[in-house]
Amino acid sequence: MDGRGISEAEVEAALPNDPESFLVRFVYHAKDQVGSPLAYHVGSSLMLLSMMSPQMWCAARGFLAPTIANMWTMLVGRSGEAMKTLAIFEAKRVLSEIEDADIAVGSDPASEEALVKSLVKRPQQTLIYDDMGSFLSNVSNVATHNYRARIVDQATSLYDGSGFVREKAGKTLRVSEPRLGIFGGCTPIHVETFTSVLHWEGGFMSRFLILYADAERDVRYRKDDWENYDWLIKRARMLWEAKTAYDGITGTGKKAPGRDFWFGRDPNIPLGRCLGLDNDADVLWQSWRDRTRSRVRALPDRLSGVGSRTPLIAAKTAVLLTWDRFVRERGPEDVAGDWTVTATDMQTAISIAELSFLSTLDLTRRILTSDDARQKRVVLDAVGTDWTSQAVVFQDCGLLRKRAIEGLETLREEGLIERQKISNIVYWRRSRSTVEEDAQQDAREVGNVLGFSRKDDNADGDADEAGEEEVV
């Protein structure tokens, strides 16, 4: 991390050395097709696995709470340059090669009620937004007359897959075991403008796997890579066929068996169950969790939800990687075997969740509570740590002179900047960091600790022995 999001080197370090992994093959195939950051292809492949997973695929053991396979993923980067839409297209391209897989994609709901009605018909669906900035702008207004704004609260309540019943105009709307996915790309300015502190501290944004990155490669044309593409399509069709078989046994929609199914063992159902984490995976998971608990509690409010849900993102990622391995080891017809999460699955999942947490840090710094706060931040960013002439500040902040002066004087009164005049030229410089910047630095230190592979030898002594519930 260098302040501009996830580097491709960090992504490659997070990937397993496994040429039979759908994740790995998709990332490196897409790398040769478009110049989008590798981080985006990680998100796209995980969303494909989520859409190709059975409705009732779940790690019922191994984690404190049952962990289902739906994902919310947001690709964040500069407009045009980051090529978010092209990255999403690569996922759509694979999905289009699977017969009947179009049922996995939901329609953009016009209101909270429309979302509920859609889930009644299809409890497992993913909303895909090439331009998620438009979606965020539509749901950003919390005014009571904005029907789309209520989608945020409804979607947040559906994230963990709990069913619900609603009475509407004399009709009973029942959603059993919903699996709502959200996938899209947007720019940092859309996150800044259309998400509020409420979205972050209230839990909506903290549920996303956020992948913030800049393009590093210049890919000018698609390369012929039919061997890998054909491999991906074959595996995708296997996954979809296995999903169909699994769904056929457990039931879907209104006939989904409910959560008690995960903990029972009906001998009449020819279906394997989750046995949890294998020994190596459990040691890795517990070590990582112990190292992060006390640090996450120390995060500022805006990042506490993101930090607390980082383990949940890791757990969901591991569940998706396990589904891919389950199918490739047994074939699409055999869905009866018991299964465990392996250490390879767990390490990869942890690494991806860490990258999501770290890429969130720069984004959350952009989230301010008012226009005045944004104006102050723009002026502050234009003032350097070395003496900067007032003329340069005016030029860099892009504000009218009167507003820039107001910002400078306010920041000076707050003790954040200082002023001096030399030969009738006014200069400004930073005198100390803001509370938000201090919190951001604290979060970076937490992010460093989150990295299991980057831990220092003395950190284990700081682990918090207290228990903690999984955040859902």
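Predicted model: local features only at pLDDT ≥ 70, side-chain atom pairs only at ≥ 80, totals over all residues.
Local features here need pLDDT of at least 70 and side-chain atom pairs count only at pLDDT 80 or more, while totals for chains, interfaces and linings use all residues. Residues are numbered from 1 along each chain as its sequence is written, and side-chain values use heavy atoms, with hydrogens and water left out. Helices (H or I, at least four residues) and strands (E, at least two) are DSSP runs, numbered from the N terminus.

Begin with helix 2, residues 22–31, and helix 3, residues 38–51. Their axes are 9 Å apart, and the helices pack at an angle of about 135°; axes are lines fitted to C-alpha atoms, for helices over the stretch in contact, and angles run from 0 to 180 degrees between N-to-C directions. That makes helix 2 oblique to helix 3, where angles under 35 degrees count as roughly parallel, over 145 as roughly antiparallel, 65 to 115 as roughly perpendicular and the rest as oblique. In contact (heavy atoms within 4.5 Å), helix 2 contributes Phe-22, Leu-23, Phe-26, Val-27, Ala-30 and Lys-31, which meet Leu-38, His-41, Val-42, Ser-44, Ser-45, Leu-48 and Leu-49 of helix 3.

Helix 3 also packs with helix 4, residues 84–96. The axes of helix 3 and helix 4 come within 9 Å and cross at roughly 30°. The two helices are therefore roughly parallel to each other. From helix 3, Tyr-40, His-41, Ser-44, Leu-48 and Met-51 meet Lys-84, Ala-87, Ile-88, Ala-91, Val-94 and Leu-95 in helix 4.

Strand 13, residues 425–430, is joined to strand 11 by two bridges, and Ser-389 stands opposite Tyr-427 in strand 13. Six bridges join strand 12 to strand 13, and Ile-422 has Ile-425 as its bridge partner. In the hairpin of strand 12 and strand 13, two residues lie between the strands, and Ser-423 takes a positive phi near 50°.

Conventions. Pairing = 2+ DSSP bridges.
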